[in-house]
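User: I would like to go through one part of this fold with you. Could you take my questions one at a time?
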Amino acid sequence: MPVGRQTDTLTGWLIASIGIAIYAGNLTAQEPLVPAKPEHGVRIAIYNASLSRSKSGLLTEELESQQPKPRAIASIIRAVRPDVLHLCELDYSTSVDNARRFESLYLAEPRPDAFGGAAWPMPHCYSAEVNTGVPSGLDLDADGRLNEPEDAWGYGRHPGHYGMAVLSRFEIDLANVRTLRTLRWASLPDAQRPRVPGAAQPFYDQATWQQLRLPSKSFWDVPVRSPLGEIHVLASHPTPPAFDGDERRNHCRNHDEIKLIQHYIESAPFIVADDGRSAGLSPSDSFVVVGDLNSDPNDGGSQGEAISDLLNHPRLAQYPPPRSTGSVAAARAAGGVNEQHTGPAAEDTANFSPGRVGNLRVDYVLPSSDFRIVASGVFWPAPTDVAPAIRKALMQAT
């Protein structure tokens with residue numbers, strides 16, 4: 001089917017970010033929670049799986065030894081049954097492909113899982129280097145010490161920490177993947193350069209500012225050859241707008257990482273991929289933005305205008321935000337700052353400390369406007385919706 005036709009269909013599904021109390025019953029009980037995909041549809045999902053470990057190699061050991069948490073995470077993915085999945089926080093290694101190991105050991109595993117679900121192979125995979133944990137050689141947090149996690153190009157305790165991957169049931173055009181891992185922050189038009197608190201001068205000196213990379217992990221354009229035609233999967237995981245000081249360097253970076261997505265859609269002339277070639281989308285390209293963007297348009301500590309601008313971009317399909325019943329129940333149970341939020345709790349995709357942050361909408365699947373959106377949702381069932389006997393198994397995913 002030609003790309004760009006209004007007859008194309010797409011279903012989006014957000015798998016609730018880690019840290020959520022996820023409950024599920026057997027496969028039969030799940031069916032109303034994860035509706036069947038239309039015959040000619042494509043289902044795309046984002047999952048922050050939190051499969052990151054403090055030391056290099058630990059995740060590989062965990063995957064190989066069939067630990068409960070990876071199994072529980074795989075059970076959720078097998079229940080949702082996405083055609084394309086963006087996995088956030090999956091450690092990248094140059095020696096072992098953790099993404100492929102996870103797929104082969106857990107998703108393609110034929111034995112029934114905790115839900116009684118069948119295997120869901122996703123044999124096509126893209127995973128690559130990220131900035132997290134890669135030493136910059138600079139004192140990026142200005143504490144007088146070098147080579148700390150805060151001094152890496154992206155916060156991390158080892159190269160590949162908090163990595164990411166794209167898994168697909170359809171072929172990935174690997175030759176035409178574009179990455180922007182080394183794109184300089186200073187190249188972004190109107191970049192929000194962090195400032196010294198209470199002063200006008202920049203937090204970073206000019207020499208440092210010219211070296212800083214914008215993506216905290218990376219930014220990928222992964223072309224997938226779907227039955228609907230080629231879909232550009234724009235995958236990223238911006239830094240949380242927190243864990244900094246009054247200079248708000250992470251707040252500024254989160255804002256600008258999200259602005260980069262908009263610039264890429266518009267094929268801004270400053271964008272140069274890691275291979276040295278110009279990058280960006282053409283007006284006829286079909287695409288989907290996926291990622292844990294760490295920004296809620298209504299609540300939380302991010303600068304909400306960046307995510308609001310992206311959500312309202314004319315090249316994005318306009319449809320109601322995905323919802324769940326579990327997010328409402330969780331916000332009520334947690335209380336705290338959730339009671340002060342202005343955004344609908346039904347649209348939350350992650351829960352954080354109720355005393356400081358609360359539950360937020362931070363995960364996104366945003367298709368281009370040439371698709372007809374059939375359905376969307378967040379896999380976050382309310383406890384009353386499912387069989388209690390399976391709750392313990394699913395809690396291992398958090």
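User: Which unit do β9, helix α6 and β10 make?
Analyst: In this predicted model, β9, helix α6 (residues 249-265) and β10 make a right-handed β-α-β unit. Right-handed means that, with the strands pointing away from the viewer, the path from the first strand over the helix to the second runs clockwise. Helices (H or I, at least four residues) and strands (E, at least two) are DSSP runs, numbered from the N terminus.
User: How many bridges join β9 to β10?
Analyst: Six bridges join strand β9 (residues 229-236) to β10, and the two run parallel; strands pair if DSSP finds at least two bridges between them. H232 has F287 of β10 as its bridge partner.
User: And in which sense do β10 and β11 pair?
Analyst: Antiparallel, over five bridges, with β11 spanning residues 363-367. There, V365 is the bridge partner of V290.
User: What are the ground rules for numbering and confidence?
Analyst: Residues are numbered from 1 along each chain as its sequence is written. Local features need pLDDT of at least 70, side-chain atom pairs count only at pLDDT 80 or more, totals for chains, interfaces and linings use all residues, and side-chain values use heavy atoms, leaving out hydrogens and water.
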